[in-house]
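Hi everyone, thanks for coming. I'd like to walk you through a structure that may be new to you, so please have a look at it first.

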Amino acid sequence: MNLEALRRSAEQEWQALNHPSRPQILIGQATCGEAAGAGAVRRSVLDTLARLGIAADVHSTGCLGTCYCEPLVDIIKPGAPRISYHSMTPEKVSSLLEDYLVKDNPCPDLALGVWGEARGGIPALLDHSMLKSQVRIALRNAGVIVPDNLLHYLARGGYKGLERALSMSPDAVIAEIEKSGLRGRGGAGFPTGAKWKLCRKSRSVPKYVICNADEGDPGAFMDRDLLESDPHAVLEGILVGAFAIGASHGVIYIRAEYPLAIRRLESAIADLHRHNLLGDNILGSGFDFNLSIVMGAGVFVCGEGTALTASIMGRRGMPRTRPPFSSEAGLWGKPTSINNVETWACVSAVMLNGAEWFASYGTEKSRGTKTFSLAGKVRRTGLIEVPMGMSLEQIIFGIGGGIPYDKKFKAVQTGGPAGGCIPAEKLHLPVDYEALKKAGSFMGSGGMIVLDEDNCIVETARYFLSFIVDESCGKCVPCRLGTRQLLDTLTCITRGSGTAADIDKVLGLGRSIIASSLCGLGQGAPQPCLTTIDYFRDEYDEHICDHICRAGECRALVAYAILKDRCGGCGICRRSCPSDAISGERGRAHVIDVDKCSKCGNCLEVCSVKFSAVARVPAGKG
Amino acid sequence: MADIVKIVIDGREIEACAGATVLEAALSAGIYIPNLCHHPDLEPYGGCRLCIVEIAGMRGLPTACTTRVTDGMTVKTYGGELDRVRRDTLQLIMANHPSDCLSCAKNQRCELQKVTAYLGVTERTMARTMPEQEVDDSNPFFTLDRNYCILCGRCTRTCAEIVGVGAIELMGRGDQTRVGVFGDKTLMESDCRSCGECMARCPVGALRPKVNVVPAYEVLTTCPYCAVGCSIYLGMRDGRLVSARGNKDGGANRGMLCVKGRFGATEFVQHPDRLTTPLIRGDNGQQPADWDSVLDLVAARFKSYAPDEVAVVPSSRTTNEDVYVAQKLARAALRTNNIDNCARL
Amino acid sequence: MKIEAILAKFGRERLNLIPILHEIQAQSGYVSPEAMQAVAVHLGLSDSEVYGVVTFYTAYKLKPAGRHSLKVCRGTACHVKGSEKIIGEIEKQLGISDGGTTGDGEYSFETVACLGSCALGPVVVRDGRVYGRVTPAQVKDILRGDE
């Protein structure tokens, strides 16, 4: 079938989904949906349909990004628009199907929103507070289409960008990408067009493109979601890039921890081969290109370009000093363009809608949109995409809905382990590469983790360092030994044995590690502790001088006590204590044996609101 | 001829070969930049981060060992932030390195000592972070003591890049990284050929010879162990051979030695069983004789045989050149093709 | 599958090293010394080079894994949401620490880098099944493999 004919059947398929003759049920089954129980929901859907004797089609779709209220189930009834339902359980979905499909009650209380205009008491999906200020470019199809269905992607304008690119000269394609202002979405923000230009200019052949899907930043899941929800958006971008650079082969380097994304990619690549969108003489243009998938082996540093290429070549994934850059000497010493998953997805969007359209979003130096994974202490966790330049406050409090349980916002961590913690007074900052850097943080791949008053800032910095110490490749001295030195110092502080000199030591050594480490991993490693010292010095001082952890997270610095006059003697704390540290008769005030107490905090959590008799108190000096 | 470029290092204009690294250019001009993982025989590595410099027009502190010179480049090798950062890097290494320099085999030849002296560091400021490491004492000629190891990777790169064996490798990751062999076994249980090339390039006392005598003087000669003809410096002290090292300018070996030359030559040359004078077997058994009478005897006996009845087998300890001459003697003088040699040991 | 059968599927170029090791790890749950030596011969590498690669990457284990695998995410979002407590609870219930296998060979437990299900932290994966928003009280059920 040629592409024209394929597009016609894609149109029919899309019509058949959205204006069906029998009910269409779409279940959000990306990994996040699965974790929330989508598998059980799907089984319940199938059982219920069978029980009710209803003929319907059940599809697996990707992730709409509203992970906080997963699992999501969308229902399209003949003659009605698509409605998304949230927080499904096997029981809820079963009664929903019966109510809606049999009794024609769309259950507005279970709905997240209706696709299109509000109706029947159900608000429009795009008016939802988490979605209304988003601009979804990379995520244009996420949660909308069935990711395994090439026809769905085609029906949404898929591969028109590639067709357009193939009708242009490679240099014109690069010029288009340059004009769009697209910068690398993996973190560093290098202009994509410029990178391609370097690669194209090199006379050495063959050339390679690499899709970096080794998403390792803790707290970041944009790439996983994108690949699980819309693999073709990424693949089309890779094809465009390969054509522009003159690459004959591409590699997708993906974390082995993302099995679903790998399956989706494999199936999408097979589809492309079937329809001459991959392989020899693509769409009759004379452009030959092949693509393979290489699975990572669980090492964070392999997200660094030179380590990634070493890993593909079967070596220990240790970075090397640049220059030469990968665009001059990358895979097998040949010119290689390494771009991140989201960047590739933006490329296909730019080619579809034009550079000017893309550049109309964002700020002067940071064009377009950026996806963020919003996680931690925020009401609406999930995956979002916003125009560059939106303020952190709008993201966290507008889209994210603020901090749950009316706790106080403390900081937002962006940029992963090389990023920083941004305090409340900087929430007005716009998200763009330069502004975040100026605040001591980093765009990174888009992890955004919100901390509240219960998170200790020293402990948070210590956590990031412990991550780096585990993940350092060990090649260069400052990263291998320096991060361990910093970690040991911060560990002392969280245990109450820090000294006043420790802060200066951390600041000095931190600066040295940034200046002298070989790769971005080491160069960024001290950032979380330097920014937290900068913005939260008083919390460090409290740990060191007063032996107090105000968040109560540093176990050595807190103790638990039962307030005698409040305790009703219900005994729930005694039963929840894993260390048998609580004693007391029923109906009488209980007491905690501080020597036995392991400070797990269970008692505080279980003590009923009625009594609120357990208190966290400073452990006191020594 | 390689192209020559002009660069300025610390205000001095020097000439360097195009394609050389900044570190190579500086060292060959007699300007020291602290370094530990660099070795002229090995590919640039950039691991120790001590050779950081400032280069006009370049961001940050690039390492001199990985940056190629370009014409007109201006380099600063010391002062201010450079020294501060280097001292921190050195302190990190020192915190985990033993301080028994006086009794260390590498004392006064240790490159870490050189760096420490250059940076004027006289005390440790950081706490030890590494646990005690395993010592591999299995090899009869040298010891691998990981407590002294600074993980510069010279030894493992030597084994892979130069020797082509790959017996030792960096194992693990992060601060668990160690120099090791397959299965974390001992060197003797590995593919190691004991050539000692790794030891010869170790900048510190991590790979050190078991017999460690500093020679009074050295003599440049050809290794007497086999026929390859490796150029070798044999160290002398008290009239005895005490050490051996390869001569970098040797055409046959370019500085390399094998286990026999490095660890065996000194022993066999001075072995009490070794013949130091020719012996003639007579009625009274073997008796010492002078060379003239021995050669006369041999010549006379050769004459009593037809060429086909004679065979020549030179000692495998003779050099390649001597074997060539023996072959000439056999074919031209003795007129026999019965000539053989086992030119290896 | 026998090691020979795995190797037969791959060429002799070094770039096959990581995929071969992945397959061995997936088939046997670990990479044995014998397997490493066979891989070294197949690719023309030294044993130590293969061992250097195996010990560099977290995905490869040198010892056989338990019948069930239990992974707890130590990503930031999970950490902030209290994954330490989950780890503590699992360690208490199984009597092993991170990277260990129970004496009866039933469970292997390890903490892993971010699993990318941050919106649902803390996350636990048992034999490939993802559990989100896990509380210490749920650990017992997860160990049993309940929904």
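Before we start, one term: a helix here is a run of at least four residues that DSSP assigns as H or I, and helices are numbered from the N terminus. Keep in mind, too, that this is a predicted model.

Let's begin with chain B. Helix α3 of chain B covers residues 111-119, and after that helix comes Gly120(B), with a positive phi near 65°. Which residues of α3 in chain B are buried? They are Glu111(B), Leu112(B), Val115(B) and Thr116(B). Because these four span an arc of only 145° around the axis, they sit on the same side of α3(B). As a reminder, an α-helix has 3.6 residues a turn, so residues three or four places apart point the same way. And what do the buried residues of α3(B) pack against? Their partner is α2 of chain B, residues 81-95.

Helix α10 (residues 231-245) and helix α13 (residues 341-353) of chain A pack with their axes 7 Å apart, at an angle of about 75°. Angles of 65 to 115 degrees count as roughly perpendicular, and that is why α10(A) is described as roughly perpendicular to α13(A). If you want to find the contact on screen, look in α10(A) for residues including Ala233(A), Val234(A) and Ile238(A), and in α13(A) for Trp344(A), Val347(A) and Met351(A), among others. By class, the contact between α10(A) and α13(A) is made up of nine nonpolar, three polar and one charged residues.

Last stop, chain C. Chain C holds seven helices and five strands. Reading from the N terminus, their order is α-α-α-α-β-α-α-β-β-β-β-α. The C-alpha trace of chain C spans about 50 × 30 × 25 Å along its principal axes, and 49% of the 147 residues in chain C count as buried. Take the contacts in chain C between residues at least 6 apart in sequence: 58% of them join residues at least 24 apart.

How does chain C meet chain B? Here, 10 residues of chain C are in contact with 14 residues of chain B. On the chain C side, the largest share, seven residues, comes from helix α4 of chain C, residues 47-56. That side of chain C divides into four nonpolar, four polar and two charged residues.

That's my tour, and I'm happy to take questions!

Note on methods: Residues are numbered from 1 along each chain as its sequence is written. Chains are lettered from A and ligands numbered from 1 in the order in which they are written. This is a predicted model: local features need pLDDT of at least 70, side-chain atom pairs count only at pLDDT 80 or more; totals for chains, interfaces and linings use all residues. Two residues are in contact if their C-beta atoms, placed from the backbone, lie within 7 Å. Helices (H or I, at least four residues) and strands (E, at least two) are DSSP runs, numbered from the N terminus. Ala, Val, Leu, Ile, Met, Phe, Trp, Tyr, Cys and Pro count as nonpolar, Asp, Glu, Lys and Arg as charged, and the others, Gly among them, as polar. A residue is buried if 20 or more other C-beta atoms lie within 10 Å of its own, exposed if 12 or fewer, and partly exposed in between; C-beta atoms are placed from the backbone. The arc is that of the directions from the helix axis to the C-beta atoms. Axes are lines fitted to C-alpha atoms, for helices over the stretch in contact, and angles run from 0 to 180 degrees between N-to-C directions. Angles under 35 degrees count as roughly parallel, over 145 as roughly antiparallel, 65 to 115 as roughly perpendicular and the rest as oblique.
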